[in-house]
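Reader: Before I rely on any label attached to this model, I would like to see each one set against its definition. Could you take me through them in turn?

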Amino acid sequence: MAASESATIIEDLKDERVPPALYWTTEQVAEWIEELGFPHYKSCFTTNFIDGRRLMRIEASALPRIGIVDFEHIKIIAKSIRDLLRVEEPDWTRSISIPPRSDLGMYLEMKSNRGKYMDTTTFEQFLQDYPNPKWQPPLANVGLILPRIR
């Protein structure tokens, strides 16, 4: 791990808005799933190398692919992941005119990827680089004056 990545982790862990689980190792995720009451699923997480950053990408539909097929367990684990990472539950009745994610949700989604920029960006830096990181619908050309074609 590079020094800049370590510094990023330290800065993020100092920020109360960032869930510490984002930086868990695969072993810590496996311990968490055991504490959640599912010790028989530890190997599902360890063999698939699910660490804190990959945990962000795990949603209910992905759990069967890693070996969790009991629907009641899937619901409990998916909700527990959202709670752990402080991500809001999807609101399927939400108007499409409302931005779909929080700043933290956008940051966690970015951090779930790997790469130099992702590895070295803190939440505070993310907020500075993207002062309004919410989804923006594409602008329409309504009202745009186009040349008349004859």
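Author: What follows is a set of questions about labels, each answered from a value and a cut-off. The model is predicted, so local features need pLDDT of at least 70 and side-chain atom pairs count only at pLDDT 80 or more, while totals for chains, interfaces and linings use all residues. Residues are numbered from 1 along each chain as its sequence is written, and side-chain values use heavy atoms, with hydrogens and water left out.

Reader: Why is Thr-26 called buried?

Author: The relative accessible area of Thr-26 is 15%, and buried means under 20%, exposed over 50% and partly exposed in between, with a 1.4 Å probe and protein chains only; Thr-26 is therefore buried. Thr-26 belongs to helix H2 (residues 26-35), where helices are DSSP runs of H or I with at least four residues and strands are runs of E with at least two, numbered from the N terminus. Leaving aside neighbours within four places in sequence, Thr-26 is in contact (heavy atoms within 4.5 Å) with Phe-45, Thr-46, Phe-49, Ile-50 and Asp-51.

Reader: How do you know whether Phe-49 and Arg-86 are exposed or partly exposed?

Author: Phe-49, in the loop between helix H3 (42-47) and H4, has a relative accessible area of 55% and therefore counts as exposed. Arg-86, in the loop between helix H5 (71-85) and H6, stands at 42% and so counts as partly exposed.

Reader: What makes the phi of Phe-49 worth a remark?

Author: Most residues other than glycine have a negative phi. Phe-49 is not a glycine, yet its phi is positive, at about 50 degrees, and Arg-86, also not a glycine, has a positive phi of about 60 degrees.

Reader: What is the span of helix H1, and how does it compare with the expected value?

Author: Helix H1 (residues 3-14) has twelve residues and reaches 17 Å from its first C-alpha to its last.

Reader: Why are the buried residues of H1 said to share a side?

Author: Glu-5, Thr-8, Ile-9 and Asp-12 are buried in H1. They cover an arc of only 100 degrees around the axis, which puts them on the same side of H1, the arc being that of the directions from the helix axis to the C-beta atoms. The face turned away from this buried side carries the exposed residues Ala-3 and Lys-14.

Definitions and conventions:
Expected span 1.5 Å × (residues − 1).
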